[in-house]
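Subject: Structure for your review

Dear colleague,

Please find below the sequence and structure that I am handing over to you. My findings follow directly after it.

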2 protein chains.
Amino acid sequence: MTTRRTGLREQKKQATRVALREAALRLALQRGPDNVRVDDIAEAAGVSPRTYNNYFSSREQAIVAAVTAERESRVAAAVTARPAHVRLADALTEAILEQYTEPRDRDVLLLITTSPTLRDAYLDTATMVEHPLAAAIDQRLGESGTPTARVLAASVAAAVRVALQQWLQPPAVPPATGRLVVPSGSLPDLLRSALAVLTPAFDAAEEQAQQRSQR
Amino acid sequence: MTTRRTGLREQKKQATRVALREAALRLALQRGPDNVRVDDIAEAAGVSPRTYNNYFSSREQAIVAAVTAERESRVAAAVTARPAHVRLADALTEAILEQYTEPRDRDVLLLITTSPTLRDAYLDTATMVEHPLAAAIDQRLGESGTPTARVLAASVAAAVRVALQQWLQPPAVPPATGRLVVPSGSLPDLLRSALAVLTPAFDAAEEQAQQRSQR
DNA sequence: AGCAAATATTGCGCGCACGCAAGTTTGCGT
DNA sequence: ACGCAAACTTGCGTGCGCGCAATATTTGCT
């Protein structure tokens, strides 16, 4: 029921998708990101170059997808998995943290931080939680179709994006100005404090939803 | 002092930038967006095609830029212009509304809604307020360098994006499901209710800033 | 006024994204 | 079991984004 698409077909599609992104990552790691043409990836996955672009709409997307995998749906699932009595804000924060606390290879991390285009592609993946997350929040607040859930979901995505950005930012030059930028703590901490900013908005939305359901 | 760059040079740059985006819009309107090649725009503005890409990094960007113009900086300026005693949330909401309440040509609107790529490019412009806005909020909260301002700014941008998305969305098919989607009211209303969701977060941030400054 | 450094423009070339119109594979009804 | 329709893959062609190196223009300095 969850997978509407029949069977063998979808299976094959997922297989080539995985093959593509893993080939992409492997090649990028062993040759450096700039020495990998899209044709190489396609060939390594046993598919025509044209087909590659039926799965990924940019060269970087495949590489990055190998890292982020199925994060989007996992986050949404993690939110709905939390018991209903937990505060929405907490459920979200925990769900996010849970997904972004995978031990990442040092090699992969270096790969992403090095190339600017890859870095951007990686940051863009944060946006992809937006839709599934909106659905999850929507369901949790009851009342579906409200723009509230969409705005909240979009804000979460934005907050995650900012946190990742701080995390990935090079130490930079600390010379002249009185700007004291925190030297970017651990990712969980960054995520937590970024999401903390939004907490009041979640509480308010949740309270409003409760009032509505009691009427 | 505000414009560090000297004079004649920057002047010319701005001139060609304007020439490019206006040419882009004009051509897109009179031929339809798909019948305008980047070479045409460049020629109409009297520069080489290569130069075009020194100013805009995609074909759509120039067209859209003709509509959004200098919105980013205007929003930031509008925020800082509000007297300090006004609630941050109100200052922001008003500043945004003020900028998005220009009477837009019907032709232009149709142009954007018609082409999916243009629509996306237009939505992306909402993100561009992020940096100037972050600076403005940062200043208003005192204490610069905090991620709080960045998260708030990013959330505002996201909210605006959602509002625009709702506004531009085609009426769609309303046949089967019980989903009753509001037929997208006026843009100001949509913006207001989108930003209202974030209001509690702003209030909390502001209050926290005040407490900090009183210590 | 003149010259050297900084900055912008241009042509060239490569790789990439994607529409389109075949060709191929899978699924479903009878 | 068979065949038709829907879904997926592939090759081709076009326009685009951008790095690079040469060229032209502006600026600050003396």
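The mean pLDDT of chain A is 90, and 90% of its residues score at least 70. Please bear in mind that this is a predicted model. Within chain A, helix 3 has the highest mean pLDDT of the elements, at 98, whereas helix 12 has the lowest, at 91.

Architecture of chain A

Chain A contains 12 helices and zero strands. Of the 215 residues in chain A, 34% count as buried. Among the contacts in chain A with a separation of 6 or more, 66% are between residues 24 or more positions apart.

The two copies and their contact

The same surface serves both of them, as 100% of the contact residues of chain A recur in chain B.

Each chain is represented in the contact by 27 residues: 27 from chain A and 27 from chain B. On the side of chain A that touches chain B, the elements giving two or more residues are helix 10 (147-168), helix 11 (187-196) and helix 12 (199-214) of chain A. Helix 10 of chain A provides the largest share of that side, with 13 residues. By class, the side of chain A that touches chain B has 17 nonpolar, six polar and four charged residues.

Nonpolar cores

The largest nonpolar core has 76 residues; those touching the most other members are A:Leu133, A:Leu152, A:Ala159, B:Leu133, B:Leu152 and B:Ala159. Leaving aside neighbours within four places in sequence, B:Leu152 is in contact with B:Ile137, B:Ala201, B:Phe202 and B:Ala205, and also with A:Val197. There is a second, separate core of 21 residues, which includes A:Ala24, A:Ile41, A:Val64 and A:Leu118.

The surfaces near the DNA

DNA strand C is surrounded by 20 residues, of which the closest are A:Leu8, A:Ser57, A:Ser58, B:Ser48 and B:Thr51. Two or more residues of this surface come from each of helix 1, helix 2 (38-45) and helix 3 of chain A, and from each of helix 1 and helix 3 of chain B. By class, the surface near DNA strand C comprises three nonpolar, nine polar and eight charged residues.

DNA strand D is likewise surrounded by 20 residues, and here the closest are A:Ser48, A:Thr51, B:Leu8, B:Ser57 and B:Ser58. The elements that give two or more residues to the surface near DNA strand D are helix 1 (8-31) and helix 3 (49-55) of chain A, together with helix 1 (8-31), helix 2 (38-45) and helix 3 (49-55) of chain B. This surface has three nonpolar, nine polar and eight charged residues.

A loop residue in chain B

One further residue may be of interest to you. B:Gly185 is located in the loop between helix 10 (147-168) and helix 11 (187-214) of chain B. B:Gly185 counts as exposed because it has 12 C-beta neighbours inside 10 Å. Its C-alpha atom is separated by 8.8 Å from that of B:Gln166, which is 19 residues apart from B:Gly185 along the chain.

Yours sincerely

Methods: Residues numbered from 1 in each chain as written. Chains lettered and ligands numbered in written order. Predicted model: local features only at pLDDT ≥ 70, side-chain atom pairs only at ≥ 80, totals over all residues. Near = placed C-beta within 6 Å. Helix = DSSP H or I, 4+ residues; strand = E, 2+ residues; numbered from the N terminus. Nonpolar A, V, L, I, M, F, W, Y, C, P; charged D, E, K, R; others polar. Core = buried A, V, L, I, M, F, W, Y, C linked by C-beta atoms within 7 Å. Buried ≥ 20, exposed ≤ 12 C-beta atoms within 10 Å, placed from the backbone. Contact = placed C-beta atoms within 7 Å. pLDDT = per-residue confidence, 0-100.
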